[in-house]
2 protein chains.
Amino acid sequence: MTDERYSISQVARCFGMPVSTLRYYDDLGLLPAAERRGNVRYYGHEQLRRLALIQRLHHRGLVSLADTATLITEDPPADQPSGRQVLIASIETIRTRIHDLHLAQQLLEHLLTCPTADPVRECTHLRTELGEVVDHALAALRPPPPSRP
Amino acid sequence: MTDERYSISQVARCFGMPVSTLRYYDDLGLLPAAERRGNVRYYGHEQLRRLALIQRLHHRGLVSLADTATLITEDPPADQPSGRQVLIASIETIRTRIHDLHLAQQLLEHLLTCPTADPVRECTHLRTELGEVVDHALAALRPPPPSRP
DNA sequence: CTGCACGCTCAAGTCGACTTGAGCGCAACA
DNA sequence: TGTTGCGCTCAAGTCGACTTGAGCGTGCAG
């Protein structure tokens, strides 16, 4: 069951992406169409599940297309753990990215609610916080002369 | 105090970014150098704080450079609330982005620990979850003929 | 006085992820 | 018998965010 096939425009429509992207993914070998009847692509359930997987990983550049490809095509030639490495690296990237996003979010929310007229230039809270970042960065500039006894 | 000035290469070094990027930001008017002594840029504390702000917002494409510019140069011509709009939009983007990242993270962590040899194709958990996404997407394809009583 | 390090400008190149356009085939419908 | 709609390929274009390269100026150490 569910051995139905869908045309490229149907898939595009219900996954909310342009036809050109699907063809592009096919060119990359990222999402080959299930079969072709006389040069025309048809997609089956297996392909659609992979497409959902791709979307979830790649959506808005979370994971690059190249890495997504490595992660999901995982045909480990039984010699390199490349898939696993990319996997671990991706998880790490995503973690730090979430962290960065939280910082940015806090900053923006502060800007939104800060009573100061121009929070970017006037707000003391922001000035102090960024000042610390700057001082920390500048510290790298003058490595204190190692005071040897 | 702290009225020191730093050359472009010093700033680049301690903020961990190439000189070219600083010049690029200057070209955009995003981070104008404090002053120029005979065509040479010098950066002061105010500029460095702004740079820290830019980094935090823009780091790895969190917020586009254009939006970052709108957010921080906030010279509201006292007629449009464009800054505030971008602010609210950015916060919203970041929220959904964090959400997407959490989904992707869960998926990757599942791939990492799933006992199935090839989790992408064999794991029933994943198959079911993605199957639901697919079914939901496909539902948009055949809008049930509205049964009017 | 000659290098060298560092600075500058302006134009062009790069990279990832697509999109657009030209030109074509094929099936169905008026 | 068009012509309309959908599909195809292949090459080229686009966009954001930089980077690279050519060519030049300036200050100072040897």
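Which element supplies the largest share of the surface near DNA strand C?

1. Helix 2 of chain A does, with four residues. The model is a predicted one, and the points below should be read on that basis.

2. Around DNA strand C there are 16 residues, and the closest are A:Ser20, A:Thr21, A:His58, B:Arg23 and B:Asn39. Of the atoms of DNA strand C that come within 4 Å of the protein, 85% belong to sugar and phosphate.

3. A:Ser20 has a polar side-chain atom 2.6 Å from a phosphate oxygen of DNA strand C.

4. At least two residues each come from helix 2 (19-28) of chain A, helix 1 (8-15) of chain B and strand 3 (40-43) of chain B. Sorted by class, this surface has seven polar, six nonpolar and three charged residues.

5. On the cysteines: over all chains, the structure holds zero disulfides. The closest cysteine sulfur to that of A:Cys123 is in A:Cys114, at 3.8 Å, which is too far for a bond because a disulfide requires sulfur atoms within 2.5 Å.

6. A:Cys123 counts as buried, with 2% relative accessibility. B:Cys14 has a relative accessible area of 12% and is buried too, because the cut-off for buried is under 20%.

Definitions and conventions
Residues are numbered from 1 along each chain as its sequence is written. Chains are lettered from A and ligands numbered from 1 in the order in which they are written. This is a predicted model: local features need pLDDT of at least 70, side-chain atom pairs count only at pLDDT 80 or more; totals for chains, interfaces and linings use all residues. Side-chain values use heavy atoms; hydrogens and water are left out. A residue is near a molecule or strand if one of its heavy atoms lies within 4 Å of it. A polar contact is a pair of N or O atoms within 3.5 Å; within protein, one must be able to donate a hydrogen and the other to accept it, and residues adjacent in sequence count only if both atoms are side-chain atoms. Ala, Val, Leu, Ile, Met, Phe, Trp, Tyr, Cys and Pro count as nonpolar, Asp, Glu, Lys and Arg as charged, and the others, Gly among them, as polar. Buried means under 20% relative accessible area, exposed over 50%, partly exposed in between (1.4 Å probe, protein chains only).
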